[in-house]
Amino acid sequence: MKKYKIQKSPFIVPTTDGKLIEEHWGNSNQNPNISIAHMVAPPDWSEPHQTPEFDEFTIIISGKKQFEIDGENVILEKGQSILIEKGARIRYSNPFSEPCEYIAICLPAFSMDLVNREEEII
């Protein structure tokens, strides 16, 4: 029995906001302890505030990404990374003119039941 698995067809998470999410490992393939996803956030993309019940590591491959963490704005660029601990109130966005490509790793795996997104007030 082999002691490894190769992922050749990541799960493409359906989105309505133009963001590409390719989950290589996670709940989509019965790995509830971790999720590893390749993402591309288009220019002027954002999502509502959330208070996740998982730790999230982000590694920026290209472009820039803005993180609003407990009211503090942090901007990361290519080659930088961040760990945001579970329980932080966060809003992810790309208010810049170029797409942002990055890798996100969540422990335990990302799930809509654990993300605790807030309703957007329009």
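Start with the cysteines: the structure holds zero disulfides, a disulfide being a pair of cysteine sulfur atoms within 2.5 Å. This is a predicted model, in which local features need pLDDT of at least 70 and side-chain atom pairs count only at pLDDT 80 or more, while totals for chains, interfaces and linings use all residues. Residues are numbered from 1 along each chain as its sequence is written, and side-chain values use heavy atoms, with hydrogens and water left out.

Select Cys-100 and Cys-106. The sulfur of Cys-100 has its closest cysteine sulfur in Cys-106, 15 Å away, which is too far for a bond. Cys-100 is buried at a relative accessible area of 0%, and Cys-106 is buried at 4% (buried is under 20% relative accessible area, exposed over 50%, partly exposed in between; 1.4 Å probe, protein chains only).

Next, the core. Select Phe-67, Ile-69, Ile-84 and Tyr-102, which touch the most other members among the 17 residues of the largest nonpolar core. Such a core is a set of buried Ala, Val, Leu, Ile, Met, Phe, Trp, Tyr and Cys residues joined through side-chain atoms within 4.5 Å. Two or more residues each come from strands E3 (35–41), E6 (64–69), E8 (81–84), E9 (90–94) and E10; helices (H or I, at least four residues) and strands (E, at least two) are DSSP runs numbered from the N terminus.

Stay on Ile-69 and show its contacts (heavy atoms within 4.5 Å). Leaving aside residues up to four places away in sequence, Ile-69 touches Val-74, Ile-82, Ile-84, Ala-88, Arg-89 and Ile-90.

Move to Arg-89. Its salt bridge partner is Glu-118, with the closest N and O atoms 2.7 Å apart; a salt bridge is a side-chain nitrogen of Lys or Arg within 4 Å of a carboxyl oxygen of Asp or Glu. Arg-89 sits in the loop between E8 and E9 and Glu-118 in the segment after H1, 29 residues apart. Arg-89 is partly exposed at 34% relative accessibility, and Glu-118 is partly exposed at 32%.

The salt bridge count is two. For the other pair, select Arg-117 and Glu-47, whose closest N and O atoms are 3.3 Å apart. Arg-117 follows helix H1 (112–115) and Glu-47 lies in the loop between strands E4 (45–46) and E5 (55–62), so the pair ties together parts 70 residues apart in sequence. Arg-117 is partly exposed at 33% relative accessibility, whereas Glu-47 is buried at 9%.

Finally, select Leu-107, which lies in strand E10 (100–107) and is partly exposed at 34% relative accessibility.
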